[in-house]
Amino acid sequence: MRVDVVTIFPSFFDVLGVSLLGKARERGILDVRVHDLRAWTHDRHRTVDDTPYGGGAGMVMKPEPWGEALDAIATDAGADAAPTFIFPSPAGEVFTQSLARELVQEPHLVFGCGRYEGIDERVFEEAAVRGRVRLISLGDYVLNGGEVAAMAMIEAIGRLIPGVVGNPDSLVEESHEEGLLEYPSYTKPAHWRGRSVPEILLSGNHGAIAAWRHQQQVERTRARRPDLLPDETV
Ligand code: ADE
């Protein structure tokens, strides 16, 4: 999978060099290219923002550097299919595990990280000429810009690429994959600071363990995220 990121803070993405995604990049499974939006400015101050038409607080990202970024990235001969553009935004659709599973099918994602009060609306229209455009929110809160949200999405999507996570079984038994939160996990020692691992997990009875884990998943989901459960189970 190819991923391009356009940002005024490329160093936010340095951490993509470590851990599982770093290894995936080394092995060529994940091709991430981070671009500095200011490379497509032409004034001495490398200006990327200006005051909003119609008035109001804050600054808006100017369309011209974004237009040149799109020209450079989305018409690149190296990328065969039309890209999917993702603009992280608190005004977007909410990012979920099922959206991550949908996006991992795409051969080319381009993340456009806005700052300030957002990006001139015409940039989304311009991107839509070259591929699918999606505004995606991490959740109902406001970050200072799209960088942290893009990082979270790249990690959630990237770990679903076959071969990135060593044991594919670990992708199945986790929160949100079955519509339930994950069951509690324990490791050795069996007794620690007066706390014991639930007896059932030491029993060797796999059927009983599976049933207990499922029950824990339902109980935790009911307590913490009742919105995930179908109405009759709540
Ligand atoms: N940019 C600012 N806030 C955001 C959020 N909640 N999700 C995605 N991008 C954002």
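Where does Leu138 lie? Leu138 is in the loop between strand 7 and helix 5; helices (H or I, at least four residues) and strands (E, at least two) are DSSP runs, numbered from the N terminus.

## Basis

This is a predicted model, in which local features need pLDDT of at least 70, side-chain atom pairs count only at pLDDT 80 or more, and totals for chains, interfaces and linings use all residues. Residues are numbered from 1 along each chain as its sequence is written.

Leu138 counts as partly exposed because it has 19 C-beta neighbours inside 10 Å. A residue is buried if 20 or more other C-beta atoms lie within 10 Å of its own, exposed if 12 or fewer, and partly exposed in between, with C-beta atoms placed from the backbone. Leaving out residues up to four places away in sequence, Leu138 touches Phe95, Ala149 and Ala152; contact means that the C-beta atoms, placed from the backbone, lie within 7 Å.

Gly139 lies in the loop between strand 7 and helix 5, and counts as exposed because it has 11 C-beta neighbours inside 10 Å. An unreviewed UniProt entry places the feature "binding site" at Gly114, Leu138, Gly139, Asp140, Tyr141, Val142 and Leu143. UniProt positions are given in the numbering used here, feature names are shortened, and annotations may be inferred rather than shown by experiment.

## Helix 5

Helix 5 has 12 residues and spans 16 Å from its first C-alpha to its last, close to the expected 16 Å (1.5 Å times one less than its number of residues). Its buried residues are Glu147, Ala149, Ala150, Met153, Ile154, Ile157 and Gly158. These residues lie on the same side of helix 5 because they cover an arc of only 155° around the axis, taken from the directions from the helix axis to the C-beta atoms. Among the elements that cover them are strand 1, helix 1, helix 3 (97-103) and strand 7 (132-137).

## The nonpolar core

The largest nonpolar core holds 38 residues, of which Val3, Val5, Leu30, Ile86, Phe111, Ala150 and Met153 touch the most other members. Such a core is a set of buried Ala, Val, Leu, Ile, Met, Phe, Trp, Tyr and Cys residues joined through C-beta atoms within 7 Å. The largest share of this core, 5 residues, comes from helix 5. Met153 touches Ile86, Phe95 and Ile136, not counting residues up to four places away in sequence.

## Val15

Val15 is in the loop between strand 1 and helix 1 and counts as exposed, because it has 12 C-beta neighbours inside 10 Å. Its C-alpha atom is separated by 8.9 Å from that of Met151, 136 residues apart along the chain.

Note on methods
Contact = placed C-beta atoms within 7 Å.
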